[in-house]
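I opened this notebook to record what I looked up in the structure. The entries run from the whole chain down to single side chains.

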Amino acid sequence: LADPFVALASCVAFAVSESIDAIIFTPLANKGRFLLGITISGYAAGFVDSALFVRIAFGSFDGWWQLGLAKAIVIAVATPFALLARKALNLKAVTS
């Protein structure tokens, strides 16, 4: 079984980072700023997720920025594909 702190860290980091992601992304995407929204929200949520997870799971902030950097690289690589998929599907706003 997983250490209870690792499980708790995962749940808390996920909930907080997904909330941050939605709060930043949704208004920007609804204003037609999809690329800006996905970039800013992804970076912010990724770094917050990393910092919260390592702090809660391991009681330290050691390594949080390396984990955040790895997530930022993934976001940078994946963002153009998300933009292409959105254009291919002709999606407009997040909500109607």
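Entry 1, whole chain. I began with contacts, taken as heavy atoms within 4.5 Å. Among contacts between residues at least 6 apart in sequence, 58% join residues at least 24 apart. I note that the model is predicted: local features need pLDDT of at least 70, side-chain atom pairs count only at pLDDT 80 or more, and totals for chains, interfaces and linings use all residues. Residues are numbered from 1 along each chain as its sequence is written, and side-chain values use heavy atoms, with hydrogens and water left out.

I found three helices and zero strands, in the order α-α-α along the sequence. Both kinds of element are DSSP runs numbered from the N terminus (helices: H or I, at least four residues; strands: E, at least two). I read a C-alpha trace spanning about 45 × 25 × 20 Å along its principal axes. The accessible surface comes to about 6,200 Å², of which 73% belongs to carbon and sulfur atoms; the areas come from the Shrake-Rupley method with a 1.4 Å probe, and for residues only the protein chains shown count as cover. Of the 96 residues, 22% count as buried. Buried means under 20% relative accessible area, exposed over 50%, and partly exposed in between (1.4 Å probe, protein chains only).

I checked the length of α2, residues 34-58. The buried residues of α2 include F34, G37, S41, D49 and V54, and the buried set packs against α1 (4-30) and α3 (64-88). Just after α2, I noted a positive phi of about 70° at G59.

I found one salt bridge (a side-chain nitrogen of Lys or Arg within 4 Å of a carboxyl oxygen of Asp or Glu). K71 and D49 form it, at 2.2 Å from N to O. The pair links distant parts of the chain, with K71 in α3 and D49 in α2, 22 residues apart. I recorded K71 as partly exposed at 25% relative accessible area, whereas D49 counts as buried at 16%.

Which residues does S41 contact, leaving aside its neighbours within four places in sequence? I listed D21, I24 and F25. S41 belongs to α2 and is buried, with a relative accessible area of 1%. A polar contact of 2.7 Å joins the side chains of S41 and D21. A polar contact is a pair of N or O atoms within 3.5 Å; within protein, one must be able to donate a hydrogen and the other to accept it, and residues adjacent in sequence count only if both atoms are side-chain atoms.

Terms used: The expected span of a helix is 1.5 Å times one less than its number of residues.
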